[in-house]
Amino acid sequence: GPAGADNVSAPAQGGGSAVIDMENMDDTSGSSFEDMGEMHQRMKEEEEEEAEGEAGAGEEEDGEFLGMKGLRGQLGRQVADQMWQVGKRQASRAFSLYANIDILRPYFDVEPVQVRARLLESMIPVKMINFPQKIAGELYGPLMLVFTLVAILLHGMKTSDTIIREGTLMGTAIGTCFGYWLGVSSFMYFLAYLCNAQITMVQMLSLLGYGLFGHCITLFVTYNIHFHSLFYICWLVVGGLSTLRMVAVLVSRTVGHTQRLILCGTLAALHMLFLLYLHFAYHKVVEGILDTLEGPNMPPFQRVARDIPVVSNAVLNTTAKAIALTL
Amino acid sequence: FPGLADVSISQDIPVEGEITVPVGSQSPDEDYSTLDEPVKDTIMRDLKAVGKKFVHVMYPRKSSALLRDWDLWGPLVLCVSLALMLQGGSADSKDDGGPQFAEVFVIIWFGAVVITLNSKLLGGTISFFQSLCVLGYCVMPLTVAMLVCRLVLLAGAGTVSFIIRLIVVGAMFGWSTLASTAFLADSQPPNRKALVVYPIFLFYFVISWMILTFTPQ
């Protein structure tokens, strides 16, 4: 501390040798940041004093002081180094606290075999609904499925010559898929909280994410093979199976008839309607069907520069007509 | 310290000498300063490094040179050229039929970031920028495919040209995926390679899809 600093400066004033009396040097000097700061400040003041004193002194004194100045320079560098170390330590601690992706690491701890097994399981409805079914809280599979859905959607949008007015093709696809996954998961988690279901947010995300596997299959098949009846069959069978599985798992974790009904109904409706929306909003409608259904009073189908809501309405009307005709 | 208990210095032996500290003879940083060399040297050195990495991508061998000294010049150049070549592909000039410049940029960089995070979360040993570097450089075959597609489309836009474009883009897509897998899969635990390869496959698939569906005005 101050005593040590005084001893450092004292021998410089006498004799031609720079002897530093290390005995009284404080042991804690250099180890504590505040002490170093103080010493640094003191050394700066001494340097200023020396600078004023040296202006009058001759060259021989420079030789005498070289040792002292050199040592002070060394100490100065050490102080600077110390300050850098402390600053770096604090910054890296803050960074590792906030930008730590290791929080997500346990959710990505899967093997390829497990992912494949879970994908297949997501299409098989469970039978035991009186015993809470296990849900793996894993995020790798759902994330990859959402990205796959984005890719399939892009393919479908491009082949149907969809022209998006506000926004871009890619942005719409990503927004739709991620919005569905995150939004509906949050909404279902909220409902589950209201209905006292035993499910955590990660499990809900995982469940819904794996439920998108059915959507991926259906859309992949029907974007390439344009048969309306094929789509309805796929919608019912594939979509239905994955919805049944999700619903069964959720039901097994809920008590009470009303709560079960609310949860199942909401999830089933949202899941099936999403598949319907994805198919019709972003898919080329086979023009032959339209021509046969529409009478002369309907305007000709606009293929250039159309907005999505207009397409959906027109398509929904024609679909309703098609269903009515087939029944 | 028990061994030093009997050490004593008598009062009248002066401990003296000179303490001369070499001031400024050793600079703390060991790298030589590249500030004084002519600009041509700096540019040529960087260009050579970028060129060497391009050669590594063309002939994917398991070498660590690409990983060790990463740089993002190559990916930037490739990204910008790909985005520029994908311009002007809309049916109407008013509506956004084709991908915009910013869109391509965002897709490539956002996709690369997601793949990097994914591989890190799965237990990979590669660093963030090294992975970005590899993924960016492996976009090169697809840029070449884009160039070829544009040239083919100058000749005409029929079924034959579509088949040619499909073959070219498909081949380049396979090359990109294989090249990046050769570099990145080594840094993963052996039984999880498939988990890392799939997002890379999807990423280059989306870029290939953008290239294949490009139709000029």
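For residues 261–282 of chain A, the end C-alpha atoms are 31 Å apart, with 95% helix and 0% strand. Both spans are among those that UniProt, in an unreviewed entry, lists as "transmembrane region", the others being residues 139–157, 204–223 and 229–249 of chain A; UniProt positions are given in the numbering used here, feature names are shortened, and annotations may be inferred rather than shown by experiment.

This is a predicted model, in which local features need pLDDT of at least 70 and side-chain atom pairs count only at pLDDT 80 or more, while totals for chains, interfaces and linings use all residues. Residues are numbered from 1 along each chain as its sequence is written, chains are lettered from A and ligands numbered from 1 in the order in which they are written, and side-chain values use heavy atoms, with hydrogens and water left out.

## Chain A as a whole

Chain A holds eleven helices and zero strands. Of its 327 residues, 40% are buried, a word that here means under 20% relative accessible area, with exposed meaning over 50% and partly exposed in between (1.4 Å probe, protein chains only). Among contacts (heavy atoms within 4.5 Å) in chain A between residues at least 6 apart in sequence, 78% join residues at least 24 apart.

The accessible surface of chain A comes to about 17,900 Å², and 63% of it belongs to carbon and sulfur atoms; such areas come from the Shrake-Rupley method with a 1.4 Å probe, and for residues only the protein chains shown count as cover. A nonpolar surface patch of about 470 Å² is made by A:Phe187, A:Phe190, A:Tyr193 and A:Leu194. Patches are made of residues with over 30% relative accessible area and no salt bridge, like charges being joined within 9 Å and nonpolar side chains (Val, Leu, Ile, Met, Phe, Trp, Tyr) within 5 Å. A:Phe187 belongs to helix H6 (residues 169–194) of chain A and is partly exposed, at 39% relative accessible area.

## Salt bridges

Over all chains, the whole structure has five salt bridges, each being a side-chain nitrogen of Lys or Arg within 4 Å of a carboxyl oxygen of Asp or Glu. One of them joins A:Asp109 to B:Arg192, with the closest N and O atoms 2.5 Å apart. This pair crosses between chains, from the loop between H3 and H4 of chain A to the loop between helix H7 (159–184) and helix H8 (193–212) of chain B.

Within chain A, A:Glu138 pairs with A:Arg118, the closest N and O atoms being 2.4 Å apart. These two residues are 20 residues apart, with A:Glu138 in the loop between H4 and helix H5 (140–159) and A:Arg118 in helix H4. A:Glu138 counts as buried, at 3% relative accessibility.

## An enclosed helix in chain B

Helix H5 (residues 128–137) of chain B is largely enclosed by the rest of the structure, because eight of its ten residues are buried. Among them are B:Gln130, B:Leu132, B:Cys133 and B:Tyr137.

Methods: Helices (H or I, at least four residues) and strands (E, at least two) are DSSP runs, numbered from the N terminus.
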